[in-house]
Amino acid sequence: MLLEASARPDIACDPLQEKAAAQEAVKPALRLRRLLVTDFRSYARADLALDGRPVVLAGPNGAGKTNLLEAVSLLTPGRGLRGAAYNELARKTGAGGWAVSAVLDGPMGESRLGTGIEAAALGGETRTRTVRIDGETQPSSGPLAHYMRQVWLTPAMDRLFVESAGGRRRFLDRLVMGFDPSHGTRVNAYERAMRERNRLLADGRMDNAWLTGLEEQMASHGVAIAAARVETVARLKGAIAVTAEGAFPKAGLALDGMMELKVASGAAVDAEDALIRLLKEGRLRDQGAGRTLEGPHRTDLLVRHSPKDMEAGACSTGEQKALLIGLVLANARLLARQTGAAPILLLDEVAAHLDKDRRAALFDEIAALGTQAFMTGTDRSLFESFGPRAQSFTVSEGALEESAL
């Protein structure tokens with residue numbers, strides 16, 4: 001939890017110290033200054049020189065616009081905005097490997113991030129994903145979360161409020177990672193322990209010591225996951241409450257999860273003990289179900305259209321899109337206020353289903369936030385109201401050309 005230091009009237013303020021503190025408080029924004037992709041999807045090579053403004057990528061379907069957003073998304077932990085297997089990202093006519101690298105300006109200064117896989121010498125097989133930060137190879141993609149915060153919206157997320165809880169949970173966890181970069185590492189550790197427990201149960205190996213060890217790992221990570229979700233949702237609710245009414249409706253948020261409820265209403269140690277007990281008592285039930293039935297992997301994010309007091313899933317498609325955009329903008333404003341830098345936004349075909357007024361409102365919000373949003377669209381005219389506030393590229397069959405809006 002963030003605590004604000006109280007003023008000390010008994011200590012005189014040194015003007016030089018005040019100036020230094022003010023300079024320290026003004027952190028540089030999060031900006032990509034260069035993006036280089038090699039043998040990635042439809043690109044043999046693409047090199048974008050970026051000036052910090054929001055980026056518009058315009059071109060016909062299939063030209064490779066979303067591929068560039070996906071490349072940027074891989075500069076964070078995980079499989080990126082499409083969730084594709086790493087081997088699938090290599091250009092079909094390439095050698096089997098691919099690379100994405102970037103120069104980033106952010107609160108930690110200038111950083112050079114890179115990731116990719118290399119083609120093995122034989123058989124066309126590929127090695128696991130490699131991540132480098134400032135030339136140093138990392139043990140995993142986890143450290144990227146400390147350098148790059150991102151939130152993305154894709155057309156596949158237009159049904160986020162009407163489909164399974166898994167998509168909403170992943171969306172929430174990406175928001176949490178903006179405030180707590182280690183959250184993704186804990187989620188991965190929890191899921192690894194759960195998969196191992198499920199495998200033991202499926203094989204009928206009721207080794208009490210082994211299962212107990214895994215269940216204790218799940219409980220330890222699970223409580224931390226639940227606590228981070230509870231805190232993030234509380235922060236977002238507070239930020240939304242003080243936001244003026246605008247083009248995007250306010251969202252009401254709640255968590256539907258056993259662990260989150262226990263964490264919010266009691267001590268974390270009690271929640272951890274409760275999950276250990278549930279997992280131990282539920283071994284036979286989980287064995288029969290073929291999966292673990294209790295834990296933070298079952299949590300759902302509940303969203304309501306506050307002005308209408310209506311569940312998001314019951315709203316029109318346009319209202320759901322507006323709710324989702326409003327939630328992302330609220331998160332970006334909150335991050336900017338609490339960390340000094342708004343996250344990079346990846347908005348795939350975001351303007352296609354917005355009316356003229358909402359498009360203009362979205363672009364104004366992005367400009368006011370100072371966030372470097374990457375936006376795609378088939379119709380360049382949708383972005384005209386951005387004008388010189390955005391940097392624009394025409395994308396055509398894996399080639400890019402900078403062009404004014």
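Strand β3 is covered on both faces in this predicted model. Val55 and Leu57 lie on one side of β3, Val56 and Ala58 on the other, and all of them are buried.

**The sheet around β3**

Strand β3 covers residues 55-58. It belongs to an open sheet of 6 strands with mixed pairing. The strand order is β8-β12-β13-β3-β14-β15, which places β3 between β13 and β14. Strands of a sheet pair through backbone hydrogen bonds, either parallel or antiparallel. Both pairings of β3 are listed here.

| Pair | Residues of the partner | Sense | Bridges |
|---|---|---|---|
| β3 and β13 | 374-377 | parallel | 4 |
| β3 and β14 | 391-396 | parallel | 4 |

Val55 has Gln391 of β14 as its bridge partner.

Helix α9 (residues 317-339) lies across β8 and β12 (344-347). Its direction is at about 170° to β8.

In soluble globular proteins, nonpolar side chains tend to be buried together. Here the largest nonpolar core has 88 residues. A second, separate core has 18 residues, including Leu201, Met218, Ile225 and Met259.

What does Val37 touch, leaving aside its neighbours within four places in sequence? Val37 is in contact with Tyr43, Ala44, Arg45, Ala46, Leu68, Ala71, Ala99 and Val100.

**Helices α3 and α5**

Helix α3 (residues 165-179) packs on helix α5 (residues 208-241) at an angle of about 80°. Their axes are 9 Å apart. The angle makes α3 roughly perpendicular to α5. On the α3 side, the contact is made by Arg169, Leu172, Asp173, Leu175, Val176 and Phe179. On the α5 side, Ala228, Arg229, Thr232, Val233, Arg235 and Leu236 take part. The residues of this contact divide into 7 nonpolar, 1 polar and 4 charged.

Terms used: Residues numbered from 1 in each chain as written. Predicted model: local features only at pLDDT ≥ 70, side-chain atom pairs only at ≥ 80, totals over all residues. Heavy atoms only, no water. Axes fitted to C-alpha atoms, helices over the stretch in contact; angles between N-to-C directions. Helix = DSSP H or I, 4+ residues; strand = E, 2+ residues; numbered from the N terminus. Parallel < 35°, antiparallel > 145°, perpendicular 65-115°, else oblique. Contact = heavy atoms within 4.5 Å. Nonpolar A, V, L, I, M, F, W, Y, C, P; charged D, E, K, R; others polar. Pairing = 2+ DSSP bridges. Buried < 20%, exposed > 50% of the residue type's maximum accessible area, 1.4 Å probe, protein only. Core = buried A, V, L, I, M, F, W, Y, C linked by side-chain atoms within 4.5 Å.
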